[in-house]
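Here are my notes on the model you sent over. Have it open while you read.

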Amino acid sequence: MTTRRRPQITSRKRPQQARSTELVAAILEAAAQVLAGEGATRFTTARVAEKAGVSVGSIYQYFPNKASILFRLQADEWMQTTRMLRNILEDANTPHLERLRTLVHAFLRSECEEAEVRGALNDAAPLYRDSPEARRARAEGDQMIDAFMMEALPHASAASRELAGDLIFTTLSTVGNSFSQTRRTKVEIKAYADAMADMFCAYLNSIQGHSPPR
C-alpha cells in the first residue's frame with residue numbers, strides 16, 4: 001500500500017527585488033479574487049495566471065502548485081489575525097473589558113469583509129491545517145489569550161481562566177464564521193458585536209464576583 005504524498009505548500013523562493021515583490025503581490029491579489037469568486041474546488045494556477053495577467057511559468061517561479069498559493073494566503077491571514085489580537089489584547093492603556101469589546105467588533109467586521117476568501121480557505125484547510133506554521137499560529141494565539149485572561153481575571157483559578165478563554169474565543173470564532181455567511185450591513189454588524197461583547201463582559205464579571213455593568 002502506497003502512502004499518498006502531501007503537496008508541497010511552501011514557496012519556491014522569496015522575491016528579492018522590487019519587481020519580483022510586485023509580481024508576487026499581483027499573484028496573491030489575483031489568487032484572492034479567484035478564490036472569492038470561484039471557491040477552493042475550482043481554484044487553479046491557470047485561473048490565477050489569467051486573472052493576474054501573467055504566465056503560469058511566472059507563478060511557478062515562486063509557487064510550485066496551487067496548494068502553495070492557498071497556503072500563502074492562509075499564512076498571511078494568520079499573520080493579520082495575530083497582529084490584530086496582539087494590538088488589541090496587549091494594549092495596557094485600555095481596560096480589559098474595553099479591549100475585549102474592541103476585539104469582538106474588529107473580529108466580526110473582519111469576518112464579514114473577507115467572508116468569501118475565509119470560507120474558501122476553510123474548504124482548503126486539509127492541505128495545511130497540520131503544518132508547522134499552522135501549529136505555531138495556534139500556539140501564538142493561545143499564548144496571547146492566556147496572557148489576557150491572566151490580566152483580566154487575576155483572582156480566578158487557572159481552570160476558570162482556561163475555561164473562560166476557550167469559551168469566549170471559540171464562540172467568537174464559530175459565531176463569527178456563521179454570522180458572516182450572510183451579507184451584513186454595518187448596522188447589523190455593530191448590533192451583533194455589541195450583544196456578543198455584552199455577553200462576554202457579563203460572563204467575565206460574574207467570574208470575578210462583580211455585577212454585570214449596566
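1. A word on the ground rules. This is a predicted model, so local features need pLDDT of at least 70 and side-chain atom pairs count only at pLDDT 80 or more, while totals for chains, interfaces and linings use all residues. Residues are numbered from 1 along each chain as its sequence is written, and side-chain values use heavy atoms, with hydrogens and water left out.

2. The fold first. You'll find nine helices and zero strands here, so the pattern along the sequence reads α-α-α-α-α-α-α-α-α, where helices (H or I, at least four residues) and strands (E, at least two) are DSSP runs numbered from the N terminus. Of the 214 residues, 39% are buried. Buried means under 20% relative accessible area, exposed over 50%, and partly exposed in between (1.4 Å probe, protein chains only).

3. Now the rings. There are two aromatic pairs in the structure. To count, rings of Phe, Tyr and Trp (its six-membered ring) need centres within 6.5 Å; planes under 30 degrees apart are called stacked, over 60 edge-to-face, and the rest tilted. Phe 71 and Trp 78 sit edge-to-face, 6.1 Å centre to centre with 80 degrees between the planes. Phe 71 counts as buried, at 6% relative accessibility.

4. Why is the pair of Phe 179 and Tyr 192 stacked? Because the ring centres are 4.2 Å apart and the planes are at 25 degrees. Phe 179 belongs to helix 8 and Tyr 192 to helix 9 (residues 186-208), so this pair ties together parts that are 13 residues apart in sequence. Phe 179 is buried, with a relative accessible area of 4%, whereas Tyr 192 is partly exposed at 36%.

5. On to charges. Side chains of opposite charge can pair when their charged atoms come close. The structure holds eight salt bridges, each being a side-chain nitrogen of Lys or Arg within 4 Å of a carboxyl oxygen of Asp or Glu. One of them joins Arg 99 and Glu 151, at 3.3 Å from N to O. That pair links distant parts of the chain, since Arg 99 is in helix 5 (residues 96-113) and Glu 151 is in helix 7, 52 residues apart. Arg 99 counts as buried at 4% relative accessibility, but Glu 151 is partly exposed at 39%.

6. Asp 194 pairs with Lys 190, with the closest N and O atoms 2.9 Å apart. These two are four residues apart in helix 9, so about one helical turn separates them. Lys 190 is partly exposed, with a relative accessible area of 48%. Arg 86 pairs with Glu 90, the closest N and O atoms being 4.0 Å apart. Arg 86 is partly exposed at 32%, and so is Glu 90 at 47%.

7. Last, the surface. Which residues gather in a patch of negative charge? They are Asp 142, Asp 146, Glu 162 and Asp 166. Helix 7 (132-152) and helix 8 (158-179) are the elements giving two or more residues to the negative patch. Patches take residues with over 30% relative accessible area and no salt bridge, joining like charges within 9 Å and nonpolar side chains (Val, Leu, Ile, Met, Phe, Trp, Tyr) within 5 Å. Asp 166 lies in helix 8 and is partly exposed, with a relative accessible area of 48%.

Notes. Accessible areas come from the Shrake-Rupley method with a 1.4 Å probe; for residues, only the protein chains shown count as cover. Lys and Arg count as positive and Asp and Glu as negative; His and the chain ends are not counted. The place of a charge is taken as NZ of Lys, CZ of Arg, CG of Asp or CD of Glu.
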